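This report is meant for a reader who is meeting the structure for the first time. Please look over the sequence and the model before reading on.

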2 protein chains.
Amino acid sequence: MDRIPILRMGSLLLVTIQVDMHDRLAMMLQDDLTAKISETEAKGVLIDISALEVVDSFIGRTLANIANMARVLDAQTIVVGMQPAVAITLVELGMTLSGVRTALTVDRGMEMLTGRNGDYRRAESIAPDQANDASLEE
Amino acid sequence: MDRIPILRMGSLLLVTIQVDMHDRLAMMLQDDLTAKISETEAKGVLIDISALEVVDSFIGRTLANIANMARVLDAQTIVVGMQPAVAITLVELGMTLSGVRTALTVDRGMEMLTGRNGDYRRAESIAPDQANDASLEE
C-alpha cells in the first residue's frame, strides 16, 4: 500500500485510515490532502478512524495537524468513528485533540459539514434570508 | 489491521479496500458486509479500489462474490476507482467482472445508486419527459 486514498464526495473529501500511520505515510497524507482540498475546492474533510484500535500520540498530532492545515485552506475537518477505547487512551495520553471536531458516524459528520442529513436530501434548515432578517431585527 | 471498515452513508454502504486481501480478510469482509446490509437495510454498496495497484484473480473473484451476495440481499454493488492498469490486468487474466457494475469515481457511483449527483443536490439531467418526446419524434 502506497498511500491512503482520498475520496471525493461532492464538496467533501473522505479519508479512511485503516493502517498504522508511520512518518512517511502521514506526511504523504498531509501533502495529498492539502493538494486535493485546493484542487477540488472542498469545504469539508471527514477522517474515519473506526478501523484504528490504537491511536498513539503521533497519530493524534497528525490528525490535529491535518485539521489545522485544512482550516487555513478554509475546509472543516471532522474525525469520525473513534472507538471508545481510543478516546480513553487519548485522554490518558494527555491529548484532547483540541481544535479537532469529532462525530460518532460518517452520517453525523456529513450532517455537521453540510447541514443536510446522511440521506442526501435537503435538510430542513433555516433559510439564509430568514436568518439574516432575524439578525437585522436587533 | 483487523478488518476492513464499512461506512454507512444514508442508505448506502462504503468500503475502501486499501490492503492486500488475503483469504481470511476477504471472508470477514463478506461476512461483515452481508450482516451490515441486513442490519441497515442498505440499498447500495460502493467498493472503492483506487488504492489497489494490483488486482489478482482472487480479489476479482471476491468482488464478484460480494456483488452477488449483495444482489440476493436486494442491494446493488458498484466498484469504483479502478486504476487503468488494473483494468488491463483483469482483462488479460480473462476476468471481465461480469455482473459487477463499475464507476470511475465515488461521486458517479453514488449517482448511479441514488439517481442524485455527488453534490447531494438533484442532478440537472435531461427531464424524462423531454427525453421521451425526442425518441418518439422518429
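The model is predicted. In chain B, strand E2 (residues 12-16) has five of its five residues buried, so it is largely enclosed by the rest of the structure. From E2(B), B:Leu12, B:Leu14 and B:Thr16 point one way while B:Leu13 and B:Val15 point the other way.

Strand E1 (residues 6-9) of chain B pairs with E2(B) in the antiparallel sense over four bridges, and in this pairing B:Arg8 stands opposite B:Leu13. Two residues lie between E1(B) and E2(B) in the hairpin that they form, and B:Gly10 in the turn has a positive phi of about 60 degrees. E2(B) also pairs with strand E3 (residues 44-48) of chain B, in the parallel sense and over five bridges, with B:Leu13 opposite B:Val45 in E3(B). Between E2(B) and E3(B) the chain passes through helix H1 (residues 23-40) of chain B, in a β-α-β crossover that is right-handed.

| Pocket | Volume | Lining by class |
|---|---|---|
| Largest pocket | about 490 Å³ | eight nonpolar, five polar, nine charged residues |
| Second largest pocket | about 410 Å³ | seven nonpolar, five polar, nine charged residues |

Among the 22 residues that line the largest pocket, A:Ser50, B:Pro5, B:Ile6, B:Leu7 and B:Lys36 are the closest to its centre. The second largest pocket is lined by 21 residues, and A:Pro5, A:Ile6, A:Leu7, A:Lys36 and B:Ser50 lie nearest its centre; the largest share of this lining, four residues, comes from H1(A).

Notes
Residues numbered from 1 in each chain as written. Chains lettered and ligands numbered in written order. Predicted model: local features only at pLDDT ≥ 70, side-chain atom pairs only at ≥ 80, totals over all residues. Heavy atoms only, no water. Buried < 20%, exposed > 50% of the residue type's maximum accessible area, 1.4 Å probe, protein only. Pairing = 2+ DSSP bridges. Right-handed = clockwise from strand over helix to strand, strands pointing away. 1 Å grid on protein atoms, 1.4 Å probe; cavity = no way out; pocket = protein on both sides within 12 Å on 5 of 7 lines; lining within 4 Å. Points joined across faces, edges and corners; volume = space filled by probe spheres on them. Nonpolar A, V, L, I, M, F, W, Y, C, P; charged D, E, K, R; others polar.
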